[in-house]
Amino acid sequence: MHTQIEHHGVTVLLAFNDGEWLVLTRPTSTHWLSLDSFDPGITPESTREEAIESIKTRLIGAPPPNNHENSSSYCCGKCGKRGVRLWREYETFLEQQTLTCAACLEAERGKPIDPDRCDSVGWRVAAVPTPDGSSYWGFTSVPMAAVQWWRSLPLE
Ligand SMILES: [Zn+2]
């Protein structure tokens, strides 16, 4: 019998076979897992619920939809630039969000951005899309993997 686990937009298929828990399908990109070599931390004595919980705690995030950085919704509200890191306004309703690229942010502030410490700049924070791309993670709740997605984008 298989158990399908969905968490943070990632689907994992789990099975109990011959006294062993087996992870049948792994997320396609380990980048989004808290582990590189998959060690589910499940023993044969684990209950189904324990196994599911164990998998979930190891799924620390999911990427935005494929190629989200080039989608029409993820572009600078000022210059229209895509495929780069964008910032959103902190604590502003989604409908009123304006995304800003590094170049426009630097022009606005009149000083350069430090690429290594730029998750928050002034009252703007990293715009990190949720797995379905419909919203953004709260600044303090962004999963590490999603932060890595954002940081992997070029500044300009
Ligand atoms: Zn811009």
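Predicted model: local features only at pLDDT ≥ 70, side-chain atom pairs only at ≥ 80, totals over all residues.

Q: Which residue stands opposite W87 in β5?
A: That's T100. W87 also has A126 opposite it in β7.

Q: OK, β7 then. How many bridges does β4 make with β7?
A: Three, with β4 covering residues 86–89 and β7 covering residues 124–126, again in the antiparallel sense. R88 takes part here too, with V125 as its bridge partner in β7.

Q: So what's the strand order in the whole sheet?
A: The order is β5-β4-β7-β6, four strands in an open sheet with antiparallel pairing. β5 (100–101) and β6 (120–121) are the edge strands, each pairing on one side only.

Q: Switching to packing. Which residues have the most contacts inside the largest nonpolar core?
A: L86, W87, V128, W137 and A146, in a core of 15 residues. So W87, which faces T100 in β5, is also one of the residues with the most contacts in that core, a set defined by buried nonpolar residues joined through C-beta atoms within 7 Å.

Q: Which elements give two or more residues to it?
A: β4, α2 (102–109), β7 and α3 (144–152) do. There's also a second, separate core of six residues, and V12, L14, W21 and A51 are among them.

Q: How much of the chain counts as buried?
A: 24% of the 156 residues.

Q: And what share of the contacts joins residues at least 24 apart?
A: 51%, counting contacts between residues at least 6 apart in sequence.

Q: Last topic, confidence. What's the mean pLDDT?
A: The chain averages 79, and 79% of its residues reach 70 or more. Residues 29–39 are a stretch where pLDDT is below 50.

Q: How many contacts does that stretch have in the model?
A: Beyond near neighbours in sequence, residues 29–39 have 19 contacts.

How values were computed: Residues numbered from 1 in each chain as written. Pairing = 2+ DSSP bridges. pLDDT = per-residue confidence, 0-100. Contact = placed C-beta atoms within 7 Å. Buried ≥ 20, exposed ≤ 12 C-beta atoms within 10 Å, placed from the backbone.
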